[in-house]
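Here is a short note on the model, in numbered points. Please read each one with the coordinates open.

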Amino acid sequence: MNNKGQITLEYILFSSILIIILIFTTNTIIEETEKNTILTTAQIGAQIGVDKNAYAMYYNDTFNNYQNNYPKLTNPTEIKVIEINMSEKNNEIQIQTVLHSNTYLNNNEKNIIGSRVNYYIRKTISETFDIKNNDLYYENIQINKHKIITKTVKWR
């Protein structure tokens, strides 16, 4: 036995180092899990947005507008989600979606479909994290210290 208390001091030092490492590791794991959840939810939301386009079901006023101005959107159009990228800049998480369609779509039609996909990405993220959002388009999503932004959809 050591009567000078050195073993106890070594245990206290060792335990405090382990606790510090555990705190930093836990914080990193929680943040990465949150980002993975955001990306997975964005993929689900993008697929929901693409599926809504495949159904070609709209509110009456939207349908009338599309029927007069964008008749292709009143018929189902096959669209595929190619990739979803997430980047972090300052305290913003930016989500970029890449879509593809074999059907020729003009720029206005692509913008409408892209806006719908981004809307469902933001809506799904907001619902997943149970964010009570009073914004009609779910544009001001704040998760902990990160603001979620959907960039304009790219087409291939």
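1. A term first. A residue is called buried under 20% relative accessible area, exposed over 50%, and partly exposed in between. Ile17 has 44%, so Ile17 is partly exposed. Keep in mind that this is a predicted model.

2. Where does Ile17 sit? Its place is in helix α1. Together with Leu13 and Ile21, Ile17 forms a nonpolar patch on the surface. The accessible area of the three together is about 280 Å².

3. Next, the largest pocket. It holds about 610 Å³ of space. The lining counts 16 residues. Closest to the centre are Tyr58, Tyr59, Arg116, Tyr119 and Tyr120. Two or more lining residues come from each of α1 (6–55), α2 (60–69) and α3 (107–128).

4. Which element gives the largest share of that lining? It is α3, with 7 residues. By class, the lining of the largest pocket has 10 nonpolar, 4 charged and 2 polar residues. Tyr counts as nonpolar under the scheme used, so read the class totals with that in mind.

5. Salt bridges. How many does a search of the whole structure find? The count is 7.

6. Lys145 and Glu31 meet through their side chains in a salt bridge, at 3.9 Å from N to O. What does this pair tie together? Lys145 lies in the loop between β3 (141–143) and β4 (146–150), while Glu31 is in helix α1, so the link joins parts that are 114 residues apart in sequence. Lys145 is partly exposed at 46% relative accessibility. Glu31 is partly exposed too, with a relative accessible area of 23%. The cut-off for a salt bridge is within 4 Å, so the 3.9 Å of this pair should be read against that limit.

7. Glu83 and Arg156 form another salt bridge between side chains, at 2.7 Å from N to O. Glu83 is in strand β1 (residues 79–89) and Arg156 is in the segment after β5 (154–155), so this pair ties together parts 73 residues apart in sequence. Is each partner buried, partly exposed or exposed, and which is which? Glu83 is partly exposed, at 27% relative accessibility. Arg156 is exposed, with a relative accessible area of 58%.

8. Some salt bridges share partners. Through them, Glu31, Lys35, Glu88 and Lys145 are joined into one network. Glu31 and Lys145 are the pair from point 6, with their N to O distance of 3.9 Å.

9. Glu78 and Lys80 also meet in a side-chain salt bridge, with 3.9 Å from N to O. Glu78 is exposed, at a relative accessible area of 51%. The limit for exposed is over 50%, so the 51% of Glu78 should be read against that limit. Lys80 counts as partly exposed, at 46% relative accessibility.

10. Last, a loop residue. Pro71 is found in the loop between α2 and β1. Its relative accessibility is 46%, and Pro71 counts as partly exposed. How far apart are the C-alpha atoms of Pro71 and Glu109? They are separated by 9.6 Å. Along the chain, the two residues are 38 residues apart.

How values were computed
Residues numbered from 1 in each chain as written. Predicted model: local features only at pLDDT ≥ 70, side-chain atom pairs only at ≥ 80, totals over all residues. Heavy atoms only, no water. 1 Å grid on protein atoms, 1.4 Å probe; cavity = no way out; pocket = protein on both sides within 12 Å on 5 of 7 lines; lining within 4 Å. Points joined across faces, edges and corners; volume = space filled by probe spheres on them. Helix = DSSP H or I, 4+ residues; strand = E, 2+ residues; numbered from the N terminus. Buried < 20%, exposed > 50% of the residue type's maximum accessible area, 1.4 Å probe, protein only. Patch = residues over 30% accessible without salt bridge, like charges linked within 9 Å, V, L, I, M, F, W, Y side chains within 5 Å. Areas by Shrake-Rupley, 256 points an atom, 1.4 Å probe, with all protein chains shown as cover.
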